[in-house]
Amino acid sequence: MKSLPYFCRGEVIRGFGRGSKELGIPTANFPDSVVDNLPADISTGIYYGWACVGNSDVYKMVMSIGWNPYYKNTKKSMETHVIHTFKEDFYGEILSVVMVGYIRPERSYDSLEALITAINNDIEEAKVNLELPEHLKLKDDNFFTSAPSSSSALPSTIESTSQTILNGH
């Protein structure tokens, strides 16, 4: 995928409410304006990279992009699991991510347990891959230090959003 690494940010919105409750793996969801502006070569599937909430530290992450076949979603989503334990939810905060690698395509599972196992395997693969020097250096990219801390710092239109905060510094 020629678009990797891919930089994006957006306000954390409420998703389907399954990550924490049903899966035990909390996720932060991007709004449609971010999902709809992904480059064409970013296919659905599982990615890994770095994430920062507001002006916090930068953490490892895994991200699902797609329709979540197990749940038969009709709407494409970007769900990020930041590999860190946060004390509270951060809806409304700005999530900045850099997707650096691709793990696998999205697929359906026969059971919730099989889905949870697959996600945990993705998390472990991300942890290992992000230790590679070419990926580790992106943790300190100036994209994260230039992140706005709240949604009020974001442009007000989708057009300016796509030009200002997607895949750029």
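1. Helices and strands in this note are DSSP runs, numbered from the N terminus: a helix has at least four residues in state H or I, and a strand has at least two in state E. The model is predicted.

2. On the overall make-up, the protein chain has six helices and six strands. Read from the N terminus, the elements follow the order β-α-β-α-β-β-β-β-α-α-α-α. The chain has 169 residues, and 48% of them count as buried. Its accessible surface is about 8600 Å², with 49% belonging to carbon and sulfur atoms. Take the contacts between residues at least 6 apart in sequence: 72% of these join residues at least 24 apart.

3. Strands of a sheet pair through backbone hydrogen bonds, in a parallel or an antiparallel sense.

4. Strand β6, residues 94–104, pairs with β1 in the antiparallel sense over six bridges. Two partners in β6 can be picked out: Val97 is the bridge partner of Cys8, and Ser96 stands opposite Arg9. On its β3 side, β6 is joined to β3 by eight bridges, again antiparallel. Here Tyr47 stands opposite Tyr102 of β6. Because 10 of its 11 residues are buried, β6 is largely enclosed by the rest of the structure.

5. Continue to β4. Eight bridges link β3 (residues 45–53) with β4, and the two run antiparallel. Gly45 has Ile65 in β4 as its bridge partner. Six bridges then join β4 to β5, also antiparallel, and Ile65 has Met78 as its bridge partner in β5. Ile65 can therefore be followed in both directions, to Gly45 and to Met78, given that two strands pair if DSSP finds at least two bridges between them. How many of the nine residues of β4 are buried? Nine of the nine are, and the strand is mostly covered.

6. In the segment before β1 lies Pro5, and the peptide bond from Leu4 to Pro5 is cis, with omega near 0°. Within strand β1 is Cys8. Is Cys8 buried or exposed? Its relative accessibility is 0%, so Cys8 counts as buried. Cys8 and Phe143 are 135 residues apart in sequence, while their C-alpha atoms are 9.2 Å apart in space.

7. Ser56 belongs to the loop between β3 and β4. With a relative accessibility of 29%, Ser56 counts as partly exposed, because that class lies between the limit for buried, under 20%, and the limit for exposed, over 50%. Thr145 is 89 residues from Ser56 along the chain, and their C-alpha atoms are separated by 9.3 Å.

8. Among the helices, α4 (residues 133–136) contains His135. The relative accessible area of His135 is 11%, so this residue is buried. Which residues does His135 contact, leaving aside its neighbours within four places in sequence? They are Tyr48, Trp50, Val100, Asn129 and Leu130.

9. The largest pocket has a volume of about 880 Å³. Its lining is made of 42 residues, and those closest to its centre are Gly19, Ile25, Pro26, Thr27 and Glu79. Two or more lining residues come from each of α1 (19–23), β2, β4 (58–66), β5 (77–82) and α3 (112–129). Sorted by class, the lining has 20 nonpolar, 12 polar and 10 charged residues.

Technical notes: Residues numbered from 1 in each chain as written. Predicted model: local features only at pLDDT ≥ 70, side-chain atom pairs only at ≥ 80, totals over all residues. Heavy atoms only, no water. Buried < 20%, exposed > 50% of the residue type's maximum accessible area, 1.4 Å probe, protein only. Contact = heavy atoms within 4.5 Å. Areas by Shrake-Rupley, 256 points an atom, 1.4 Å probe, with all protein chains shown as cover. 1 Å grid on protein atoms, 1.4 Å probe; cavity = no way out; pocket = protein on both sides within 12 Å on 5 of 7 lines; lining within 4 Å. Points joined across faces, edges and corners; volume = space filled by probe spheres on them. Nonpolar A, V, L, I, M, F, W, Y, C, P; charged D, E, K, R; others polar.
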